[in-house]
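Biologist: I'd like a close look at one part of this model. Could you walk me through its main pocket and what sits around that region?

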Amino acid sequence: FAALEREIARGARSGRGFCLLLMDLDELKAINDRLGHFHGDRVLRGIGEIITVGVRRIDTAARYGGDEFVVLLPETDPTGAFVLAEKIRIGVQDMAIELPPGGPRPSLSVGVVSYPFDGATADELMISADGAMYRSKRAGKNRVTGIPV
């Protein structure tokens with residue numbers, strides 16, 4: 001939240017926008033329930049690695065809650081944010097992780113929002129990102145969704 005507040009202040013001063021991704025692991029409960037928490041932890045670590053490799057040095061990535069991740073993308077327009085979100089989503093979908101056969105495969109539902117269009121405060125941006133992420137879930141999971149124009 002400190003990084004988000006700093007970026008909002010910088011954006012307000014410079015007139016430049018940025019984007020925020022909110023990602024939720026679709027099948028963590030099923031993985032934990034059916035395969036065990038050991039495998040759930042391995043999936044979470046794998047997603048963390050995929051996100052870390054995918055972001056730039058100026059980006060801020062963090063785990064947000066049990067199965068959610070957030071990425072702050074300074075000086076990034078919505079098109080660039082969607083490209084990165086898709087790259088991460090596909091990386092998770094295709095993640096090379098050994099799980100017992102027949103179990104659920106991990107996937108991500110991603111919400112993409114931009115400052116200042118989808119929110120002018122940290123709370124507004126997080127609420128918008130949460131709404132976009134849940135639209136991804138309602139549309140079938142394993143997808144990237146933004147705020148409708």
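How do the residues of the lining of the largest pocket divide into nonpolar, polar and charged?

Modeller: It's a predicted model, so local features need pLDDT of at least 70 and side-chain atom pairs 80 or more, while totals for chains, interfaces and linings use all residues. Numbering starts from 1 along each chain, and side-chain values use heavy atoms, leaving out hydrogens and water.

The lining splits into 10 nonpolar residues, one polar and one charged (Ala, Val, Leu, Ile, Met, Phe, Trp, Tyr, Cys and Pro are nonpolar; Asp, Glu, Lys and Arg charged; the others, Gly among them, polar). Its members include Phe1, Leu4, Leu20, Thr60, Arg63, Tyr64, Leu72 and Met126. Helix H1 (2–14), strand S2 (60–63) and strand S3 each give two or more residues to the lining (DSSP runs: helices H or I, at least four residues; strands E, at least two).

S3 (68–74) also leads us to helix H4: the buried residues of H4 pack against S3, as well as S1, H3, S4 and S5 (contact: heavy atoms within 4.5 Å). Those buried residues are Ala81, Leu84, Ala85, Ile88, Arg89 and Val92 (buried is under 20% relative accessible area, exposed over 50%, 1.4 Å probe, protein chains only). They cover an arc of only 135° around the axis, so they sit on the same side of H4, going by directions from the helix axis to the C-beta atoms. Turned away from that side are the exposed Thr79, Val83 and Lys87.

Conventions
1 Å grid on protein atoms, 1.4 Å probe; cavity = no way out; pocket = protein on both sides within 12 Å on 5 of 7 lines; lining within 4 Å.
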